[in-house]
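Hello, and thanks for passing this one along. Here are my notes as numbered points, to read with the structure open.

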Amino acid sequence: MTALTQGEGGPPSLLHGNRDQCLLHDKALSATFTRVCSDPPAIGWPGLAPPKTRYIPAAGQAALAQHILPGQPGHSTPRAHGQRPAMEADDGTEEPPLPLALSRFQVSEEFGFLLPDPLTELPEPYSPWMEVAHELPQLIASHRLRSRVHQMPQLSARHLRGREELHLAHLVLSFITMGYVWQEGEEGTVQVLPRNLAVPYWEVSEALGLPPILSHADFVLANWRRKDPNGPLEIENLDPIITLPGGESLRGFVLVTLLVEKAAVPGIKAIVRALHAILQHDEETLQRALEELAGAIEAMREALRRMHDHVDPAVFYAVIRIFLSGWKDNPAMPAGLVYEGVSEEPLAFSGGSAAQSTVLHAFDELLGIRHSQDTAAFLHRMRNYMPPPHRAFVEEIQRGPSLKQHVLSCRDRRLRGAFNRCVAALAEFRSYHITVVTKYVAVAAAKARAGRAEPGARAGPALGKAPSALEAKGTGGSHIFSFLKSIRDTTREGMISA
């Protein structure tokens, strides 16, 4: 992530701005950014090359080919820059198109990175998957999930049509996989994911460009439905599509995180307006966009506060958290997991993590936040767990004009103030996230350790014995508190000195 060091660009001016300096800085950026933004998003798993020993049946290969070829249902082929329709101004004249169009990256004007109104049922041939998925909490609690998975028929992805069906299939197979692996807790893990689950899961994952493990894209972005289809996107009118053990706390954890994503939507749209304003040398629009971005980040923090109302820390730590854990950088599964029929060698994937949310990556890139080397490396690895179009959105922001350099070159006190409010809001959000993690992980872990010392502690996540392998780590594998404090501190360093 690139950024200028604090204070570059000379001392601040007492004037509101210097348009000549802004124009001089922006002229060199406009043509390059317009060209870059016409390139289509990449498909695939950067940094997650499929193993050489993998096996995909011929039928699966055909299914994958039809899902990723342009023109197939669910595939959004971006237009080249010159083909995008221009917008019309109120006076009937045409304005140049925005350099960054959300629709090109499967980002919704209404829902942001959330999958708009996801499907809740797969076609009839996949009813065996849906039946198991809808019974997961009961099957895990009764220790019967693994035997039910072994009875599932071998299905192919070839009957799935469109992005929505693929996302639901990935959600369903991800939840079944996490339940299968962690049914008996961290002391009763498996080494092999059976072929009838592993092969179709790999097929669907390759079609979407997602790894074959539960990620934020599944757990939150694609896992919601409205009780009243015409009702509001509020927690009282929402439910997850698929659940795991944890009851109301699991529901609350999914939906509060979803509401944080929803609160970010005005900020996502503000990114587009801000970059367009830089290229158009429109400082008033830029300032308004930054004010909207700061307001969105503040709204995200308010949404996150609702975690305390809907999630019990003891249930989150002892029951829910293990099902978000992966098999990379996890002492409970140091060798990884063999996907039978796909690879003869174990594969390692990180578990679900808030670091997989595209929102904060996009804000970091726009604001030029520069994280430490180790932290940045982990964050970039987490981008491999995003849907490829969302990852491409972040990468195009990174390749675009530097907002921070523009603000510094303009020497406009109002712009600096608006920019710094965004950075301050982002740092405050990250500080509050540390507060939440302290309550739900550190304090809950201390209480769980005390509970484990008591006689008669029962085994298995569904029965409430807390895991110990990731006490000091996040479910994505990071050293949780050093990581969170590092990104908070480097965010603060992104402020422009007055």
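1. Helix α10 passes α14 in a left-handed crossing (left-handed if the near helix is turned anticlockwise from the far one by less than a right angle, right-handed if clockwise). This is a predicted model, in which local features need pLDDT of at least 70 and side-chain atom pairs count only at pLDDT 80 or more, while totals for chains, interfaces and linings use all residues. Residues are numbered from 1 along each chain as its sequence is written, and side-chain values use heavy atoms, with hydrogens and water left out.

2. Now the geometry of that pair. The axes of helix α10 (residues 265-279) and α14 come within 10 Å and cross at roughly 25°. That makes α10 roughly parallel to α14 (angles under 35 degrees count as roughly parallel, over 145 as roughly antiparallel, 65 to 115 as roughly perpendicular and the rest as oblique). The axes are lines fitted to C-alpha atoms, for helices over the stretch in contact, with angles from 0 to 180 degrees between N-to-C directions. Helices (H or I, at least four residues) and strands (E, at least two) are DSSP runs, numbered from the N terminus.

3. Which residues of α10 and α14 meet? From α10 they are G267, I268, I271 and L275, and from α14 they are V359, A362, F363 and L366, where contact means heavy atoms within 4.5 Å. The residues of this contact of α10 with α14 divide into seven nonpolar, one polar and no charged. Here Ala, Val, Leu, Ile, Met, Phe, Trp, Tyr, Cys and Pro count as nonpolar, Asp, Glu, Lys and Arg as charged, and the others, Gly among them, as polar.

4. Another helix pair is worth a look. Helix α11 (residues 283-304) and helix α17 (residues 403-410) have axes that come within 13 Å and cross at roughly 125°, and α11 and α17 are therefore oblique to each other. The crossing in which α11 passes α17 is left-handed. E283, L286 and L290 in α11 meet L403, H406 and C410 in α17; the residues of the contact of α11 with α17 divide into four nonpolar, one polar and one charged.

5. Next, two backbone angles to check. Most residues other than glycine have a negative phi. R411, in the loop between α17 and α18 (413-452), has a positive phi near 55°. R411 is partly exposed, with a relative accessible area of 24% (buried means under 20%, exposed over 50%, partly exposed in between, with a 1.4 Å probe and protein chains only). Q106 also has a positive phi, near 55°, and is found in the loop between β2 (94-95) and α3 (127-134).

6. Where does A348 sit? Its place is in the loop between β6 (338-339) and α14 (358-367). A348 is partly exposed, with a relative accessible area of 37%. Not counting residues up to four places away in sequence, A348 touches W327 and K328. A348 and G336 are 12 residues apart in sequence and 4.7 Å apart in space, C-alpha to C-alpha.

7. Finally, the chain and its confidence. The chain has 19 helices and six strands, and buried residues make up 57% of its 498 residues. The average pLDDT (the predictor's confidence in each residue, from 0 to 100) is 82, and 74% of the residues score at least 70. Over residues 1-21 the pLDDT stays under 50, and the model has 47 contacts beyond four places in sequence for them.
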